Amino acid sequence: MQHRNLGGLRVGAVGLGAMPLSIEGRPDEARAVATVHAALDAGVTLLDTADSYTLPGAGPGHNELLVARALASYGGDTSGVLVATKGGRGRPADGSWTVNGDPAHLKAAAKASLRRLGVEAIGLYQLHKPDPGVPFAESVGALKELLDEGVIRLAGLSNVDADQIRAAREILGDRLVSVQNRYSPAVRDSEPELRLCAELGLAFLPWSPLGGISRSALDGPSGAPGAEGAFHAVGRERGVSPQQVALAWLLAKSPAVIPIPGASRPETIRDSAGAADLKLTEPELARLDAGLPSAA
């Protein structure tokens with residue numbers, strides 16, 4: 001697999017978003033572990049998780065524990081795998097997604113994630129979402145303290161705007177290495193953040209990168225795949241899936257992009273991983289762009 005830079009580390013150009021392995025509709029553990037192993041076999045070295053990836057009301061950590069078990073049972077070398085987790089969201093029994101950016105909560109959550117992952121330090125720890133009830137600088141300050149204490153090695157942000165990225169950069173300096181925002185063929189309102197990441201040398205990790213092509217795990221069981229369009233047509237012509245074309249389109253956007261598609265079965269992540277080596281031509285890229293809806 002081709003590689004890209006994330007905070008001075010080389011990671012596979014396509015990562016794995018592990019959320020579908022732990023939320024509603026999740027597979028049994030055997031298939032979940034097999035999915036992680038298939039990702040590793042395919043050259044994926046970035047695994048994205050969060051303490052809140054669990055069933056409603058079940059308490060934090062299911063996905064982190066699952067990822068840790070999958071890595072421990074893998075027969076190959078995992079020394080180059082970067083596990084990125086997030087803190088600052090919760091899943092109460094009503095199935096909603098709460099936000100808690102209180103510094104004390106974030107520091108306690110990171111240390112709990114550290115124990116679940118069974119590592120000396122978390123490779124990449126991300127603020128899951130800014131909390132409107134807490135000054136942003138205070139939440140980012142908690143990341144700085146975790147870095148200074150050695151609990152985490154690198155810091156990232158998720159669901160942020162360009163001003164928040166700049167503010168966090170002032171606090172964290174070059175220890176801020178990534179931004180994880182929603183970005184896909186269907187949702188492109190993070191274009192300014194993507195451009196800023198490229199300018200600052202930050203990795204941009206699109207979550208739900210197949211929006212408009214495939215249903216996101218966040219859409220629930222009623223979500224329907226997107227209508228056929230240019231991505232499907234190019235896929236047929238190239239003999240690959242439209243999902244693989246969408247990921248290759250994202251990779252062509254900027255060297256900063258490292259998409260993290262979700263998967264709940266081995267064959268899905270194997271297909272996604274193939275996008276790292278799919279080179280789209282300029283005419284194909286223009287054709288794909290021409291078929292997109294206007295950005296929000």
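**Close-up 1. Salt bridge between aspartate 48 and lysine 86.** The side chains of aspartate 48 and lysine 86 meet in a salt bridge with an N to O distance of 2.6 Å, a salt bridge being a side-chain nitrogen of Lys or Arg within 4 Å of a carboxyl oxygen of Asp or Glu. Aspartate 48 belongs to strand β4 (residues 46–48) and lysine 86 to strand β5 (residues 82–87), so the pair ties together parts that are 38 residues apart in sequence; helices (H or I, at least four residues) and strands (E, at least two) are DSSP runs, numbered from the N terminus. Both aspartate 48 and lysine 86 are buried, where buried means under 20% relative accessible area, exposed over 50%, and partly exposed in between (1.4 Å probe, protein chains only). The model is predicted, with local features requiring pLDDT of at least 70 and side-chain atom pairs counting only at pLDDT 80 or more, while totals for chains, interfaces and linings use all residues. Residues are numbered from 1 along each chain as its sequence is written, and side-chain values use heavy atoms, with hydrogens and water left out.

Close-up 2. The structure holds 13 salt bridges. In one of them, glutamate 145 is joined to lysine 107, the closest N and O atoms being 2.7 Å apart. Because glutamate 145 lies in helix α4 (residues 136–149) and lysine 107 in helix α3 (residues 103–117), this pair ties together parts that are 38 residues apart in sequence. Glutamate 145, at 35% relative accessibility, counts as partly exposed. Arginine 287 forms a salt bridge with glutamate 237, with 2.8 Å between the closest N and O atoms, and this pair links distant parts of the chain, 50 residues apart, from helix α10 (residues 282–290) to helix α7 (residues 230–238). Arginine 287 is partly exposed, with a relative accessible area of 35%, whereas glutamate 237 is exposed, with 53%. Salt bridges that share partners also join Lys144, Asp148 and Arg175 into one network.

Close-up 3. In helix α6 (residues 191–200), the buried residues are Glu193, Leu194, Leu196 and Cys197. Seen down the axis of α6, these residues fall within an arc of 165°, so they line one face of the helix; the arc is that of the directions from the helix axis to the C-beta atoms. The face turned away from the buried side of α6 carries the exposed residues Arg195 and Glu199. The cover over the buried residues of α6 includes α5, β10 (176–180), β11 (203–204) and α8 (242–253), contact meaning heavy atoms within 4.5 Å. After α6 comes glycine 201, whose phi is positive, near 80°.

**Close-up 4. The open sheet.** Seven strands form an open sheet in the order β3-β4-β5-β8-β9-β10-β11, with parallel pairing, two strands being paired if DSSP finds at least two bridges between them. The edge strands are β3 (16–17) and β11, each of which pairs on one side only. Strands β9 and β10 run parallel and are joined by 4 bridges, and the bridge partner of serine 158 is glutamine 180 in β10.

**Close-up 5. The surroundings of valine 160.** Valine 160 is placed in the loop between β9 (152–158) and α5 (162–172), and at 5% relative accessibility it counts as buried. Leaving aside residues up to four places away in sequence, valine 160 touches Pro130, Phe136, Ile165, Val179, Asn181 and Glu193.
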